[in-house]
Amino acid sequence: MARAVTSQRKALNTAIAWGIGLLIFFPILWTILTSFKTEAQAISDPPVFLFFDWTLENYGVVQERSNYMRFLWNSVIIAGGSTILGIIIAVPAAWSMAFVPSRRTKDILLWMLSTKMLPAVGVLYPIYLLFIKMGLLDTRVGLVIVMMLINLPIIVWMLYTYFREIPGEILEAARMDGASLKEEILYVLTPMAVPGIASTLLLNFILAWNEAFWTLNLTAAKAAPLTAFIASYSSPEGLFYAKLSAASVMAIAPILIMGWFSQKQLVRGLTFGAVK
Amino acid sequence: MATQHSRSAARLMMAPAVVLLLGWMLVPLLMTLYFSFKKYLPLRGGDLGWAGFDNYVRFVTSSAFWPSVMTTLIIVGGVLVITVVLGVFLALLLDQPMWGQGIVRLLVIAPFFVMPTVSALVWKNMFMDPVNGLFAHLWKFFGAAPVEWLSNASLTSIIMIVSWQWLPFATLILLTAIQSLDSEQLEAAEMDGAPAHSRFAYIILPHLGRAITIVILIQTIFLLSIFAEIFVTTQGSFGTRTLTYLIFQRVLESQNVGLGSAGGVYAIILANIVAIFLMRIVGKNLDA
């Protein structure tokens, strides 16, 4: 009896949850479906759901018309470059804060996080001006630097939370066995830190990929990544639903898949381990 | 335990990150402060000398200021209420036993990874368009006149779009928190005959307190500066001009750097008031 009730409840839960899940996912699903339609089918009244002539034509047109590959490449360079650069600068910092803490470590960490609260719009013009003076406007180098700086506090924090979880006993044991500081770092700590560093890389890549304020304001033609590429579809002449959908799918697919893989790290990364 | 040697090594290792962030914070901040006291119009004569507190006064007394603060607060508040309430509900639902839980979870969190420019454009054209949008078809199907979403229900539309993007974040954080709840306590309460709503009010909700606070604070920081969603939908028209967008227009569109910078200083102050609360909470949890 009890079993029957449980499985009935389970069925009900399943139905409600799938219903809501699909409802939330629907805009993405609809975009994917529309990307395979012809323009006429994309705006047909009543809308067609699954029974249309599937076509790949839109993807070809998007690539041809606006050189999708160049935007994609810019996104990869900017998100990837800033993440790698950030990691290189943040690993030693987080490392020393986690393993050689001083009284001021906590203050430094909080201060770093506070730079994240600086509203971008408040400092837009100075950055814009500095970029013009230094010839960095509309360059990938410029955006790599900005993205690295806006995400650096998060990278440091995430790494710090991961490093802190490495048990001290293991280090002591290694020291007892006569490991030098170099050996300790290279053979004991680094292997244990790899998972944390990998999730940090992933989350920051996602954040940098989707960031729109700086990319929209500091790039024009040459260095524009996918965020700006999509924004160009907001003009009236860009309003072709099937093409807009194809472009959207091409912009979000890589990051959606990465995001799904890193959902667990997301919680820790974005709350700095404060929610377990 | 740390030796003098390792301490100075640590300082050296920290230096690049500290110096870079200090520069990133101080240089633009001081420049903004400097410009805010200038009459500075790059396209109309450039630097026209000191302005004292003129820009500050003009920014606050301009007819666009208070509406933009209101708009900002309505958007932030609306999105927070929707995402937290629905987030708690969804987290509770996803915590229940069901088939395909992993897949449902992937469906629910997907919007968080969608680029803001994409989500704004997809919602604007494919759902909210008064002629070809899905909502228009739906309204017509039920015999109602299609709504001109972004012009007639502009704030509602923006709140809907942004909530869709942030609901996954709230759900995910809250779900993580619910999963750490001691199930024995709930079972004991159930045995004692506590009805579902009081189990929710007296056990689950207090347990979620910290997670909810964190969701609210982190979202507030990001929502105070939403930009892309407004940039590609209404461009700040139809009463959707937030403080961020107003400053953006002053600085880049009308090229009044002095006035925009004064606005920037206000935005920084506003954000810092919020940040102080966030810092307190994160700081408290640092050693936990």
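Modeller: Before anything else, a term: helices here are DSSP runs of H or I with at least four residues, strands are runs of E with at least two, and both are numbered from the N terminus. By that rule, Thr83(A) sits in helix α4 of chain A, residues 68-99.

Colleague: What kind of model is this, and how do the numbers run?

Modeller: This is a predicted model, where local features need pLDDT of at least 70 and side-chain atom pairs count only at pLDDT 80 or more, while totals for chains, interfaces and linings use all residues. Residues are numbered from 1 along each chain as its sequence is written, chains are lettered from A and ligands numbered from 1 in the order in which they are written, and side-chain values use heavy atoms, with hydrogens and water left out.

Colleague: Back to Thr83(A). Buried or exposed?

Modeller: Thr83(A) counts as buried, because its relative accessibility is 3%. Buried means under 20% relative accessible area, exposed means over 50%, and partly exposed is in between, with a 1.4 Å probe and protein chains only.

Colleague: Which residues is Thr83(A) in contact with, leaving aside neighbours within four places in sequence?

Modeller: Those are Ile155(A), Leu201(A), Asn204(A) and Phe205(A). Contact means heavy atoms within 4.5 Å.

Colleague: And where is Ser199(A)?

Modeller: Ser199(A) is in helix α9 of chain A, residues 181-210. It counts as buried because its relative accessibility is 7%. Apart from neighbours within four places in sequence, Ser199(A) touches Met158(A), Tyr162(A) and Gln265(A), in the contact sense. Ser199(A) and Leu266(A) are 67 residues apart in sequence, with their C-alpha atoms 8.3 Å apart.

Colleague: Which residue of chain B is Ser245(A) in contact with?

Modeller: Met126(B). Ser245(A) belongs to helix α12 of chain A, residues 241-261, and counts as buried because its relative accessibility is 0%.

Colleague: Zooming out, how many helices and strands does chain A have?

Modeller: Chain A has 13 helices and 0 strands.

Colleague: What are its overall dimensions?

Modeller: The C-alpha trace of chain A spans about 75 × 75 × 35 Å along its principal axes. Its radius of gyration is 24 Å, whereas a compact globule of 276 residues would have one near 19 Å. That radius is taken over C-alpha atoms, and the globule rule is 2.2 Å times the number of residues to the power 0.38.

Colleague: How much of chain A is buried?

Modeller: Buried residues are 57% of its 276 residues. Of the contacts in chain A with a separation of 6 or more, 76% are between residues 24 or more positions apart.

Colleague: What does the UniProt record annotate in chain A?

Modeller: The unreviewed UniProt entry has "transmembrane region" over several spans of chain A, including residues 12-33 and 71-96. Such positions are given in the numbering used here, feature names are shortened, and annotations may be inferred rather than shown by experiment. In the model, residues 12-33 of chain A are 100% helix, with end C-alpha atoms 28 Å apart. Residues 71-96 of chain A are also 100% helix, and their end C-alpha atoms lie 38 Å apart.

Colleague: And which residues of chain B does a domain annotation cover?

Modeller: The UniProt annotation "domain: ABC transmembrane type-1", from an unreviewed entry, covers residues 69-278 of chain B. That span of chain B is 77% helix and 0% strand.
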